[in-house]
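The following note sets out points for the file on this structure. The sequence and model are shown first, and the comments follow.

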Amino acid sequence: MTGGVITKRWRLPALALLTVLLLLAAGLSIIFQGERDYHERRENAARSQAEILAASVTAALDFGDRATAQEYVNALKVSQQILAARVYDARGRLFAGFVRNGASSGPVSTAGGFGASVAQVNVPVMRSGTRIGTVNITTAIEPVSRRVSRYAIIALLVGMTSLVLAVMSYAQTALRRVNRTLAKANDDLQFQMEERARTEEQLREAQKMQSLGKLTGGVAHDFNNLLAVIQGSAELLQRPTLSEERRMRYTQTIIDASAQGASLTAQMLAFARRQPLKPEVLDLNKAIGKMLVMLQPLLGANISLTTDLEARVDPVEVDPGQFETALLNIIVNARDAMPDGGNVTIRSRNATSEDTALSGGAVVISVEDSGTGIPPDQLALVFEPFFTTKTVGKGTGLGLSQVYGFTTQSGGKVQIESELEKGTVLTMLLPVSGRPLPADKDDHRPVTGRKAAGRVLLVEDNEEVGDLAAAIFEELGHGVVRARNGVEALKIADEGAPFDLVFSDVVMPGMTGLELAGELQQRRPNIPIILTTGYSDRITMAGSEGFPVVHKPYGMQALQSAVDKALATARR
Amino acid sequence: MERSKLRMLLHCLGLLLAISGLPESAGAETRPLETQVKAAFLAKFAAYVTWPPSALGAADAPLVLCVLGYDPFGPNLEAAIAGQRVGSHALVLRRLDGTAGAATCHIAFLGGSARQNPATMLATIKGLPVLSVTDAGLGPVRGIVHFAVKDGRVRFHIDDMLAAQGNLSINARLLSLALTVRTRAKLSLLAMAAVARRAAT
């Protein structure tokens, strides 16, 4: 593996080196060849001159005419390259010749090769096949330095090419090194990112656990209080000697505490986004007006409540209960911010273009208090679930989170501005609905269960809840047939038992309420069906398929209106 | 003044001596060497002369060197030609009394005899393809090659015109060694003139 990497790493430089070596070898061979050719040429030239001289001096040598021989020899002096020309007789004695300065004067010596500065040739002088002497010619060879300069261009080319190759291979190697470094850095980064993601996941988990802890603390405290009230009231009710007035008071206390508990769970569910909103087209001014009666007592005597409502605000489509809860949460927060009293102002107006308006218009509801304000560093946190500045057990931290959940779920926005020791303004922007306000008939029409008395098929797997529901229906004047699950309900229906309405829990072992409703609708299409659930995940996921839903915990009022509506629809 | 006059006198004397001919003035010891050299020369001339093919005969026919009449060389000549070959031809020596039979010769040294002086001999063999050799020491008549001694050295004159009459051609290298050359240039000039005249008519 490492061997392979090394091989790959060194392949390119090795290739470049090989190419350079090849080039060098080619260059050297060219130079060598050129040098050999040059020597050969010099030698050939010298030889032909020697041969000419040999032929010329034959007779002179033969007849011992030194002067004539010398004349012939001297003719070669014209050529500057000839350093020496000598004619020897048959016995090797010098007969004629000349030696220029700087040439060796030895009789016959051989020289040649790369570094030689002279080339010598010896040619026999022949007469009719008989050797009668020897001619020796010594020619100068260009000095090595001058010859080398002729090869400079080749050397330069080889050098340049080698340089280019070296630079290229170096650059390539460097690039490869950089690439490797980058790849490693990338790997490191990837690892760090994964590590970070893991850490964040762990952090989130920890935060969730922390939140759960806070929630548990807050909810347990609130519930404990409520349970204490209910338990105490119930025990008081058990006392035999109790005036009617007191009995009524304790009962009312239990009802109120239960309602608070219900609203607490409702808030938790809303936070968990599991409670579907039941939007209605609403005049917010009216909704606020209805609440004022209960808000003033909530704020207490130290705090004055004023309203500044625009004469006519556009209708919005929101869940009225959730809106009331949201406003209540804001008011409660305002109250808690003013332990020494102050002012709370509720304003309403139609949104202008200056507001961060929602497309299609909005209604602005703002609540201003003159409280302690929220430190800027905490301002961004107030909508976080379970964030609370109150001590553990005093608040759930769900109040403003519910406001946030409600407005965003309703397609609106929520804003908060605060200045320390001056107060806080919390603003809800709710989108305007295109639908008209419904007529107020429902509000005024007295609804009594007795008017719409009928028989109810009650399907509920929980015994206590079933008992309660049966008691309420009976109180409302309806007859009740109980079934503990879907199969039982279908059996009752198949047996032909008469009933005018089905009231079924959604979450049951075996057949769900929705499935049951579907089956029943096939058997008795005209019988209205009402579904009920405390945990509406199923409904949220699948929808109620058009069946009205009553949310647990329900009271007598909720049941009565739902039943009346359903029966009225069925009769229509 | 005196000295320069003396030098001039000496110069004149030297000049006179040179003109009067060295052989006579040369010492007795030099003479055998001179003869030897001339014998060697005689043996070497063949290499620089081209005979007409008809004169040479067969390829292995000998090349005949003749001494006509007086022979100043003696055994020197035998020594000189010993083993000498000219191309495919062996060199042989033949001594003749006179010009009789000289037609077989390729080279003839005209020594002269009681009946024929060198001049007569030359006249007799004139026109034959024979390289006639004369010696200044034996008379003023000049054959194709005429030995002379100059500055104590054996030299020779060449009469190329005479050679042309014998239909011989003499190598230019040999000509270059000659003291003087009587060229055949005149003839060629005449020939050229004749050619020109023929072209004009």
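1. Twelve residues of chain B are in contact with ten residues of chain A, contact being defined as C-beta atoms, placed from the backbone, within 7 Å. On the chain B side, α3 (30-45), β3 (85-86) and α8 (172-177) each supply at least two residues. The most comes from α8(B), with four residues. By class, this side of chain B has six nonpolar, three polar and three charged residues (Ala, Val, Leu, Ile, Met, Phe, Trp, Tyr, Cys and Pro count as nonpolar, Asp, Glu, Lys and Arg as charged, and the others, Gly among them, as polar).

2. This is a predicted model, in which local features need pLDDT of at least 70 and side-chain atom pairs count only at pLDDT 80 or more, whereas totals for chains, interfaces and linings use all residues. Residues are numbered from 1 along each chain as its sequence is written, and chains are lettered from A and ligands numbered from 1 in the order in which they are written.

3. Chain B has nine helices and ten strands (DSSP runs numbered from the N terminus, helices being H or I of at least four residues and strands E of at least two). Of its 201 residues, 39% count as buried, that is, with 20 or more other C-beta atoms within 10 Å of their own, C-beta atoms being placed from the backbone. Of the chain B contacts between residues at least 6 apart in sequence, 59% join residues at least 24 apart.

4. Strand β5(B) (residues 107-112) is largely enclosed by the rest of the structure, because six of its six residues are buried. Ile107(B), Phe109(B) and Gly111(B) point one way, and Ala108(B), Leu110(B) and Gly112(B) the other.

5. Strand β5(B) pairs in the parallel sense with β2(B) (residues 63-69) over five bridges, where pairing requires at least two DSSP bridges. In this pair, Leu65(B) stands opposite Ile107(B). Three bridges join β5(B) to the parallel strand β6(B) (residues 131-135), and Ser132(B) is the bridge partner of Ala108(B). The chain passes from β5(B) through helix α6(B) (residues 118-125) to β6(B) in a right-handed β-α-β crossover (clockwise from the first strand over the helix to the second, with the strands pointing away from the viewer).

6. In chain A, helices α7(A) (residues 320-337) and α9(A) (residues 399-409) pack at an angle of about 145°, with axes 9 Å apart (axes are lines fitted to C-alpha atoms over the stretch in contact, and angles run from 0 to 180 degrees between N-to-C directions). Among the residues that meet are Phe323(A) and Ile330(A) in α7(A) and Leu400(A) and Phe406(A) in α9(A). This contact has seven nonpolar, six polar and no charged residues.

Definitions and conventions
A residue is buried if 20 or more other C-beta atoms lie within 10 Å of its own, exposed if 12 or fewer, and partly exposed in between; C-beta atoms are placed from the backbone. Two residues are in contact if their C-beta atoms, placed from the backbone, lie within 7 Å.
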